Each structure stands twice: as structure tokens, then as C-alpha cells.
Amino acid sequence: MPQEPDHPSSDLPARRGALTRLHLLAGQTASLAMDLFRPRLSLGVRLLAIDEFGRVLLVRHSYVPGWHLPGGGVEPGETARAAAMREAREEGGIDLADPPELFHIYANRALGRHDHVLLFLARGVAGPRRPPASRLEIRETGFFAPGALPEETTSATRNRIAEVLSADPPADLW
């Protein structure tokens, strides 16, 4: 005798269990495959350090042209703020008396689809107390008045300085 449509068949719960397990396994496999092939997010920091005279700290690297704000990648297990303070020491030769404040988060499409840069701001910093940690990486450092930046200062660096010093909202792209 045929069952009424309102009543489930006796083997339906067993089939649902097998389908559910298969569905979960397929979902876990797809998630693992996406993790294996998805580009990873890279996170970097830059520091806009302004001294008591209103000058900004810039560095000139050995491996890229132009003058830049000190900065670099956030290491595994390191906070972004700690990375900014480390880069101030390593690249700029300065120790920050107070933790820098986060100014803005930027997408940096020049270095990859998933690169983001956090710009930190430190005001009233003292001048460099010692040479940068690595002379192989950093060729020169200096504090410069915003209106008298070196000619080779990158446009992104100039834009970030202008954003901090103006009342205009910051851009979202580095």
C-alpha cells in the first residue's frame, strides 16, 4: 500500500544522515582547497613620526628608490603597533616614548591584491639617537620640514604627510 506524502519513508533518516555527512565532507574539502590556493593577506605598517619642530622622519632604503616613511611587515605574533615601534628603532634609529596612534588603514594594490598598510602617527618624537640597525637596508635617515621634503620623496609618502597635516579625509588606497 503506498504511503501518504505527509509521512516520511522509513529509510529517509538514514539517507539524510549519509547526505549530511557527504555534504559536510565536501564543504570541509572545498574550504581546505580554498585555504591552500587563496593568496594570503600581507600586513605592513608605516610610521609618520613628527618631531617637536614639526619635521617628519624619512628614510632612504638601499633596495627601492626614493624617501619613505619608516615601516615594514608585521611579524607573526607581533601586534601592528609593536611593529611600528620596532621599525622606528630599526629604520629610524629612534625609540618612541609613547605608543603611536593608528591614523588609517590603506589597501596597497601596488604590492598585491591583499596588501594592507596601517599608518601610525607619533608626535613630538626626539631626533635619531643612533644609526639605523642595518646600514645594508637603510642608506639615510633625516627629519624634514613638510614643505621642504627631498625631491626624491615618493608620491605616496607625500600624500600620507598631507593627509595627516590637513583636515581632509584620508584616501583608502596607499
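Here are a few friendly notes on the cores and salt bridges of this predicted model.

1. Let's start with the largest nonpolar core, which has 16 residues. The members that touch the most others are V45, L47, I94, L96, F120 and V125.

2. L47 deserves a look of its own. Leaving aside residues up to four places away in sequence, L47 touches L69, P70, A84, A88, L96, P100, L119, F120, L121 and A122. There is also a second, separate core of 13 residues, with L48, Y106, L119 and I161 among them.

3. On to the charged side chains: how many salt bridges does a search of the whole structure find? It finds six. One of them joins the side chains of D51 and R55, at 2.6 Å from N to O. The two partners are worth checking separately: D51 is buried, at 4% relative accessible area, whereas R55 is partly exposed, at 31%.

4. Next comes the pair R86 and E87, a salt bridge whose closest N and O atoms lie 3.0 Å apart. Both of these residues are buried. The pair also belongs to a network of salt bridges that links E78, R86, E87 and E90.

5. Finally, R160 and E163 form a salt bridge through their side chains (2.9 Å, N to O). Why are they separated by about one helical turn? Because they sit three residues apart in helix α3 (residues 155–165). R160 and E163 are both buried.

Definitions and conventions. Residues are numbered from 1 along each chain as its sequence is written. This is a predicted model: local features need pLDDT of at least 70, side-chain atom pairs count only at pLDDT 80 or more; totals for chains, interfaces and linings use all residues. Side-chain values use heavy atoms; hydrogens and water are left out. A nonpolar core is a set of buried Ala, Val, Leu, Ile, Met, Phe, Trp, Tyr and Cys residues joined through side-chain atoms within 4.5 Å. Buried means under 20% relative accessible area, exposed over 50%, partly exposed in between (1.4 Å probe, protein chains only). Contact means heavy atoms within 4.5 Å. A salt bridge is a side-chain nitrogen of Lys or Arg within 4 Å of a carboxyl oxygen of Asp or Glu. Helices (H or I, at least four residues) and strands (E, at least two) are DSSP runs, numbered from the N terminus.
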